[in-house]
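Look at the sequence and the model below.

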Amino acid sequence: MTDTNASHSSGDASIFICPLCQSPLTITDKTWQCDGSHVANNPKQTQHSFDVARQGYVNLLPVQQKKSKAPGDSEASIAARQRFLHAGHYQPLQQLLCQTLSQLSQIGEKAADETEKSSISTEQPAKYWADIGSGEGYYTLEMAEQMRIEGLIAIDISKPAVVTLAKMAKAQHQLWYQPHLSNEHQPTIIYPLVASAVNLPLANQSLDGISSIFSPILPEIFADKLKDKGWLIIAKPDSGHLQSMREALFDNVREHDSDKFLTKLEPYFELQATHYIEQSLSLNSESLADLLTMTPYSYRAKPAKREALLASAKQDAFVTEAKFVLYVLQKR
């Protein structure tokens, strides 16, 4: 039986901070509570408390950090994305992402082994990775299976998305407070958090890596949260992504400029590798409707054009091409 009054490892305490005052958080199975020690932001040294939801997530998004009543993806968008992604349409990207992350975590593991052999230190710090904009967990949960790290922090501003991810992680016995099912295989544990990427509830220089899959890119914030030589993985739509679909929906199609943010990253990160991936898609009307619902195209397109596109897919499968680019960067 898990001790619900006991805090977790010292690594936890060094990573998570209060979203209200930035004081360290002590985490238990029931409550995450700060110690109120960050006097600059908390002169009264108030101890803020955040309950662990029954699904296994923690809401670290205070009302004052919300720009709307229900920020982020809606339940309808999340359900559509689940159906579309679990049909395997973007599986090549998932595989490339996990392969890349697995290689990076092994690099870190080898470096730790070399440090131990040199007798510089016999106790290595815990390894933590944050997946920013984790959504309902299609990429995140597979990352946890492939990476050799201690903890994967799944962060999204959408509460329905994090609820969905937490339920799946809990069913797989991967939440941070769940005891391991096997002594032979120690899975990467998952911390599902509702939080803002702009106000990450994570201590500076606490992460070995960050991934942002179709999510916000915040160079200075990411650099602050990463350790020296930490990794940043970014996936974005590439030029020509869903081109035929966008041409059917819009009179003028603006091309994706995948590299435009690299100049903003350059002061903080060095580009190590760039990977391109393409996937042909043949979609029936149901899959096409899900793709539209999970993207901004659904509400940006004129209703008449959207309905015409869906009607055409009822006659013949709609053919388009998904194109992605994956960037591997390292903190300078």
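Ile27 stands opposite Trp32 in strand 2, and Trp32 in turn stands opposite Phe50 in strand 3. Strands are DSSP runs of type E with at least two residues, and helices are runs of type H or I with at least four residues, both numbered from the N terminus. This is a predicted model, in which local features need pLDDT of at least 70 and side-chain atom pairs count only at pLDDT 80 or more, while totals for chains, interfaces and linings use all residues. Residues are numbered from 1 along each chain as its sequence is written, and side-chain values use heavy atoms, with hydrogens and water left out.

- Strand 1 pairs with strand 2 (residues 31-34) over 3 bridges in the antiparallel sense, and a hairpin of 3 residues joins the two.
- Strand 2 is also joined to strand 3 by 3 bridges, and these two run antiparallel.
- Buried means under 20% relative accessible area, exposed means over 50%, and partly exposed lies in between (1.4 Å probe, protein chains only).

- A mixed open sheet is formed by 8 strands in the order 4-7-6-5-8-9-11-10.
- Its edge strands are strand 4 (58-59) and strand 10 (269-283), and each pairs on one side only.
- Strand 5 (residues 128-132) and strand 8 (residues 207-213) are parallel and pair over 4 bridges; within this pair, Asp131 has Ser211 in strand 8 as its bridge partner.
- Helix 4 (residues 138-146) packs on the sheet and touches strand 5, strand 6 (151-156), strand 7 (189-194) and strand 8. The direction of helix 4 makes about 175 degrees with that of strand 6.

**Arg246**

- Arg246 lies in helix 7 (residues 243-249) and is buried, with a relative accessible area of 3%.
- The side chain of Arg246 reaches the backbone oxygen of Arg254 at 2.9 Å.
- Beyond its neighbours within four places in sequence, Arg246 is in contact (heavy atoms within 4.5 Å) with residues including Gly240, His241, Val253, Glu255 and Tyr297.

**The whole chain**

- The protein chain has 11 helices and 11 strands.
- Of its 332 residues, 51% count as buried.
- Among contacts with a separation of 6 or more, 67% are between residues 24 or more positions apart.
- The accessible surface (Shrake-Rupley method, 1.4 Å probe; for residues, only the protein chains shown count as cover) comes to about 16,400 Å², and 48% of that belongs to carbon and sulfur atoms.

How values were computed. Pairing = 2+ DSSP bridges. Polar contact = N/O pair within 3.5 Å; in protein donor to acceptor, adjacent residues only side chain to side chain. Axes fitted to C-alpha atoms, helices over the stretch in contact; angles between N-to-C directions.
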